[in-house]
Amino acid sequence: SDPATTVQRLSSPKKCFGYVTIIRALRLIVAGAAGAQIAFATIGIARGFAKSENKREKPQSIARTTVNEKEFHPAVRTVLEMYGGKGVPIRQSCMRKDVVFEDPAAKVVGEPEVREAFRALCVMKPKTLAFEIVEERETSDSTIFEIDLWQRYNLGSYLPFEVYSRLSVEASRSDSAICRIEERWQNGSLLHVPPFGVVRRINGIASYNLTSIIIA
């Protein structure tokens, strides 16, 4: 027989074994990365819902649930409309193109992602039970509002639940457009140590792509 053919036959199984080993290694890496993503995401979300000493109970007196157009800053009105189940208003320049929304579960970046996040939120039939602006402060180029918000959501028809959050809303002083919204469930700070920021961003990208397909 031809010596070259014999060498090729002998080397082929080794090549196949090498390819199989690489594929298996890649599968382990992907599975490990996915497992880590799920684990860190679960920790971040669980911490967000954990009991916090900063939690405030819903006001017992007559609570504010609607906004007066002349009384509130445009950014505050926009955010309360978003949380009231109306989605992001179509009003021009209500938010910056590079706006950021972040909560313990996800971080979405850019106007299309934020619009999609609050469009998807409408499925849970959000209702504002009460809100209170607890602080307003200014920087050289923005105004920041700290808002306490009590919400009711629905998982299906028979699973309502209530959430208290502290919203930090940053708006441009030049045109009142929203630059950033941070939602802190139970008024507990977000985990910013690595890798939680990256995990929230991955969740945000995944949710943007999935809800665009799943939720009509």
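**Getting to know the sheet, the helices and their contacts**

Q: Which residue in S6 is the bridge partner of Glu 102?
A: Start with the strands: S1 is joined to strand S6 (residues 178-185) by four bridges, and the two run parallel. In S6, Glu 102 has as its bridge partner Glu 182.

Q: What pLDDT do local features need in this model?
A: Residues are numbered from 1 along each chain as its sequence is written, and side-chain values use heavy atoms, with hydrogens and water left out. This is a predicted model, where totals for chains, interfaces and linings use all residues and side-chain atom pairs count only at pLDDT 80 or more, while local features need pLDDT of at least 70.

Q: How many helices and strands does the protein have?
A: Going from the N terminus, the elements run α-α-β-β-α-β-β-β-β-α. Count them by type and you get four helices and six strands.

Q: Which strands stand at the edges of the sheet?
A: The six strands make an open, mixed sheet in the order S2-S1-S6-S5-S4-S3, where strands count as paired if DSSP finds at least two bridges between them. Two of the strands have a single partner strand each, so one side of each is left without a neighbour in the sheet: these are S2 (107-109) and S3.

Q: What angle does the direction of H2 make with that of S6?
A: From one strand to the next, the sheet twists by 15 degrees on average. H2 packs on this sheet and touches S1, S3, strand S4 (142-154), S5 and S6. Axes are lines fitted to C-alpha atoms (for helices, over the stretch in contact), with angles from 0 to 180 degrees between N-to-C directions. For H2 and S6 the angle is about 50 degrees.

Q: Which elements are included in what covers the buried residues of H3?
A: H3 lies across S1, S2 and S4, at about 55 degrees to S1. Its buried residues (under 20% relative accessible area; over 50% is exposed, in between is partly exposed, with a 1.4 Å probe and protein chains only) include Val 114, Phe 118 and Leu 121. The cover over them includes H2, S1, S2, S4 and H4.

Q: Which side chain does Glu 113 join through a polar contact of 3.0 Å?
A: Glu 113 is in helix H3 and counts as buried because its relative accessible area is 12%. Contact means heavy atoms within 4.5 Å, and Glu 113 touches Val 108, Arg 201, Gly 204 and Tyr 208, leaving out residues up to four places away in sequence. A polar contact is a pair of N or O atoms within 3.5 Å (within protein, one must be able to donate a hydrogen and the other to accept it, and residues adjacent in sequence count only if both atoms are side-chain atoms). The side chain of Glu 113 makes one of 3.0 Å with Arg 201.

Q: How far apart are the C-alpha atoms of Tyr 208 and Val 114?
A: Tyr 208 sits in helix H4 (residues 196-214) and is partly exposed, at 28% relative accessible area. Setting aside neighbours within four places in sequence, Tyr 208 is in contact with Pro 112, Glu 113 and Glu 116. Tyr 208 and Val 114 are 94 residues apart along the chain, yet their C-alpha atoms are separated by 8.6 Å.

Q: Which residue's side chain is joined to that of Ser 165 by a polar contact?
A: Ser 165 belongs to strand S5 (residues 160-172), and with 2% relative accessibility it counts as buried. Its contacts beyond four places in sequence include Ile 147, Leu 149 and Trp 185. The polar contact, at 2.7 Å, is with Glu 183.

Q: Which residues form one aromatic cluster?
A: Rings of Phe, Tyr and Trp (its six-membered ring) pair if their centres lie within 6.5 Å; planes under 30 degrees apart are stacked, over 60 edge-to-face and the rest tilted. There are five aromatic pairs in the structure. Phe 72 and Phe 131 are edge-to-face, with centres 5.7 Å apart and planes at 65 degrees. As for the cluster, it is formed by Tyr 83, Phe 101 and Phe 118.
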